[in-house]
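Please look through the notes that follow with the structure open beside you.

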Amino acid sequence: MAAILEVKDLHCSYGPIHALKGVSFHVDEGEVVTLVGSNGAGKTTTLRSLSGLLDNAHVTGEVLFMGQPIQKMKANKIASLGLCQCLEGRHIFPQLSVEENLMIGAFQRNDTAGIQEDLQKMFKRFPRLEERRKQAGGTLSGGEQQMLAIARALMSKPKMLMMDEPSLGLAPIIVAEIFEIVKDINRDGIPVLLVEQNCNMALKVSHRGYVLETGEITLEGTSDFLANNEEVRKSYLGG
Amino acid sequence: MFLKLLIGALMIGSVYGLIGLGYSTIYRASGLMNFSQGDLFMLGAFVGVTFYRYMGLPFILSFILTIIVMFIVGILLERLVIRNVLKKSTGYFIVLATISLSIFFKNLAMLIWGSTRIEFPSIFNIGNVRVGGIQVQPEQLMVIIVAWICMIILHFFMNKTKFGTAMRSAAQDPLAAKACGIDVTLTTGVTWGIAAAVASVGGMLYGPVYGVSISIGATMGQRAFSSAVVGGYGNMYGAITGGLLIAIIETFVAGYISSDLKDFIAFAVLMLFLFVKPTGLFNERALQD
Amino acid sequence: MKKKINKSTVATLILLVVIAISPVVVQSNYIYSVINFMLLYVIATSGLDLLFGYSGQISLGHAGFYAIGAYGSALMSLHWNLHPLITMLIAAIIATIVGVVLAYPASKLKYHFLSLCTIGFGEIIYQLIVNSPGDITSGFTGLYGIPAVTLFGFKLSKNISIFYMLLIFAIVFMFVKQRIVHSKVGRAFIAIRDNTAAANGMGIDVTRYRVMAFGISAFYTAFAGALYAHFIRFISPETFTQEALSVPLLTMVLFGGLGSLWGPVIGSVVVTLIKELLQATGTYQMIIYSGFIVIVLLFMPRGIMSFISGIAEKVKMKKEAKADVKN
């Protein structure tokens with residue numbers, strides 16, 4: 001299968017700190033790929049540098065999205081190409097209503113009819129959001145905010161979605177729901193690059209995975225392979 | 001007497017509100033204070049009088065041209081100075097940079113337009129109008145009406161348009177706004193442009209009533225930031241409310257007690273709010289984290 | 001035990017000797033008037049630096065303290081016939097009290113709001129001078145005939161004799177500043193400036209030290225103001241506005257470099273010189289001056305000294321790079 005995202009030798013440093021030391025990986029069409037790693041391994045840095053969100057860091061390397069080099073592009077250009085990210089910690093606009101949050105997700109689109117159609121789709125998929133459409137984003141519960149963050153990302157009609165710790169700080173029942181949503185998104189044909197601390201769940205929904213340790217990829221393989229790997233089990237899956 | 005003072009207060013309070021709006025939107029969008037806001041108001045008045053009096057353009061056209069010119073000035077201010085100062089240092093330096101710009105604008109205006117007051121030719125060729133039994137200049141009524149129309153337009157722009165919503169989102173969470181594909185440098189620049197344009201509207205309205213001189217920048221600017229603090233710095237609607245409140249206190253104290261106290265009031269109210277209720281009427285954060 | 005004499009002490013001593021004997025060589029009254037202003041600003045900005053540079057609190061209202069010093073000392077010496085040195089001290093103490101009272105609520109504010117608050121303070125003091133109760137300050141007319149300082153029967157009314165007095169005061173104030181900076185108090189200021197939360201965690205009473213910084217700073221600046229009154233012997237409100245004084249003081253501190261002993265000296269000397277030289281440009285003076293501040297902020301936000309040392313470092317690195325290539 002053709003790669004939709006290809007990352008070659010990505011380096012990133014903040015002043016003297018070398019956060020990424022030559023990371024290479026790829027995501028194919030239709031895949032869910034997980035980046036596994038502990039705190040500070042560079043997972044968030046990887047995703048943010050792909051989206052062009054790191055202002056104060058020095059990033060080098062080659063990033064191809066649908067064959068197009070995007071490493072030097074500004075964040076809004078990258079988003080307009082369809083590489084979209086759900087940020088860690090949800091980052092809901094607290095004073096915007098649920099509906100406004102969703103409309104901001106569709107900021108790059110101009111097809112009014114299509115946007116309205118997608119808005120209805122989101123409300124159908126996430127009925128809680130429809131109940132609260134006029135409420136300020138900041139008043140939602142953690143789980144609802146995560147749903148809103150995902151729905152907001154989907155409103156942009158992404159060609160590929162990157163999700164940074166979508167299950168962080170959520171109750172187990174909601175975590176399960178989030179991973180169901182990831183599967184759904186992938187079923188609709190959108191490739192997903194997933195960064196998760198909850199490796200168990202993440203490897204269950206993904207096809208392949210990479211292990212990131214202090215800024216370097218140390219292991220890669222199918223999810224089954226990683227889930228059964230001794231090292232991975234010990235370090236990330238709790239034995 | 002009461003009605004006359006009230007109309008005066010509403011008029012000047014609306015102008016404070018317009019200038020104060022600029023302080024608040026910039027603070028909201030970038031966490032910075034622009035101490036040259038009052039001078040942008042003054043420049044707006046001078047540019048306006050130039051179009052209207054010296055070039056003989058119709059008032060409406062002068063009004064629109066002034067807004068456009070000052071919008072560009074605001075954008076340039078952010079792009080050339082603010083952004084570059086921020087690259088090298090912190091917000092502290094923005095305080096000094098914008099104060100220096102304020103001195104710069106004031107002296108530039110003195111060089112171009114001189115230090116004597118310039119009168120605005122009257123806009124309506126009719127005499128005073130009667131409101132509730134008192135004589136009012138039509139220009140005074142224009143201040144109130146147009147200022148409020150502007151505020152309402154701004155309200156709709158910020159809340160009901162796509163770009164306005166994007167500006168609000170970028171102000172709340174720039175990182176998330178970028179991830180959603182919003183060009184945050186653009187929205188920030190436009191914020192400064194709008195702040196300057198709105199202040200210039202104030203200038204174009206104030207000029208025909210009081211005339212234009214270089215000293216109006218400092219005095220009105222200080223009243224306006226006091227208004228913004230009173231309303232809750234960063235809150236658009238707070239700035240307008242605060243403006244009206246300060247204008248009412250100021251006008252009535254000057255009218256009934258002593259006009260010597262007039263210049264005190266805005267600062268006294270400012271200090272009172274900073275010390276007792278720094279979050280202002282609309283509860284915005286002003287204390288250290 | 002023999003103490004090590006370090007280079008900067010020697011340099012300081014030589015500089016002082018040169019300055020002290022220079023009046024024998026240079027006799028221009030005008031030059032001494034300019035130098036006297038520089039010395040006044042050294043005292044005022046050393047105080048502002050303790051506040052802004054060391055404790056991290058901005059003030060755009062130091063003209064207010066300068067005015068309290070000047071008007072306080074002038075009024076007391078005019079009406080009560082006290083010796084100027086005593087009235088200067090009392091005026092500076094009054095300013096300290098005012099500073100402390102202002103600082104209690106003000107030190108809790110974020111820096112933008114502290115800027116607004118200190119602007120408000122400066123304006124209120126200015127308005128008080130212009131419209132004083134009972135018109136004791138005689139409004140815009142100002143106060144005339146302020147007595148000169150007399151010491152041991154000598155009346156210090158010539159610029160050169162005032163120069164010696166100001167020089168001594170400047171040295172004393174700088175010395176005291178250095179002692180404060182290297183004391184527990186100074187370390188508390190720096191800790192609060194660099195990381196308020198951590199300072200708080202270490203048990204430093206943040207509010208107390210912030211207030212203290214304001215008080216000390218007010219004393220310095222007010223004392224400079226009082227010296228100014230007895231040096232020029234005529235004061236009027238337009239000297240004490242934000243634009244004429246508060247902003248230039250801040251510019252001097254910034255230009256010389258924040259948080260150092262010599263920063264305020266360099267800043268005071270250079271900025272005063274620039275303002276003097278710009279006198280010749282007439283109406284363009286303030287435009288050039290304000291443009292100059294913006295340029296300083298754009299290109300050397302850490303002050304002239306670190307700008308120069310930055311260039312020196314770059315030159316050095318280039319030389320080293322060349323040497324590396326050769327090897």
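1. Chain A and chain C are joined by no contact, and their closest C-alpha atoms lie 18 Å apart; here two residues are in contact if their C-beta atoms, placed from the backbone, lie within 7 Å. Of the two pairs of chains that touch, chains B and C have the most contacts. This is a predicted model, in which local features need pLDDT of at least 70 and side-chain atom pairs count only at pLDDT 80 or more, while totals for chains, interfaces and linings use all residues. Residues are numbered from 1 along each chain as its sequence is written, and chains are lettered from A and ligands numbered from 1 in the order in which they are written.

2. Between chains B and C, the contact takes 35 residues from chain B and 31 residues from chain C. On the chain B side, α3 (59-88), α4 (91-113), α9 (216-231) and α11 (262-276) each supply at least two residues, and α4(B) gives the most, with 14 residues. Helices (H or I, at least four residues) and strands (E, at least two) are DSSP runs, numbered from the N terminus. By class, this side of chain B has 25 nonpolar, seven polar and three charged residues, where Ala, Val, Leu, Ile, Met, Phe, Trp, Tyr, Cys and Pro count as nonpolar, Asp, Glu, Lys and Arg as charged, and the others, Gly among them, as polar.

3. Where chain A touches chain B, the contact takes 21 residues from chain A and 15 residues from chain B. The elements of chain A that give two or more residues to its side are α2 (75-81) and α3 (98-105), and the residues of that side divide into 10 nonpolar, nine polar and two charged.

4. Chain A has 10 helices and 10 strands. Its radius of gyration, taken over C-alpha atoms, is 17 Å, close to the 18 Å that the globule rule gives for 239 residues, so chain A is as compact as a globular protein of that length; the rule is 2.2 Å times the number of residues to the power 0.38. Of the 239 residues of chain A, 48% count as buried, a residue being buried if 20 or more other C-beta atoms lie within 10 Å of its own, exposed if 12 or fewer, and partly exposed in between, with C-beta atoms placed from the backbone.

5. Chain A holds an open sheet of four strands in the order β2-β1-β4-β5, with antiparallel pairing, and two strands pair if DSSP finds at least two bridges between them. The edge strands are β2 (17-28) and β5 (68-69) of chain A, each of which pairs on one side only. Two bridges join β4 (residues 58-65) of chain A to β5(A), and A:Leu64 has A:Pro69 in β5(A) as its bridge partner.

6. A:His91, with a positive phi of about 50°, is found in the loop between β6 (83-86) and α3 of chain A, and A:His91 is buried, with 21 other C-beta atoms within 10 Å. A:Glu165, whose phi is near 50°, lies in the loop between β7 (160-164) and α7 (172-187) of chain A, and with 22 C-beta neighbours inside 10 Å A:Glu165 also counts as buried.
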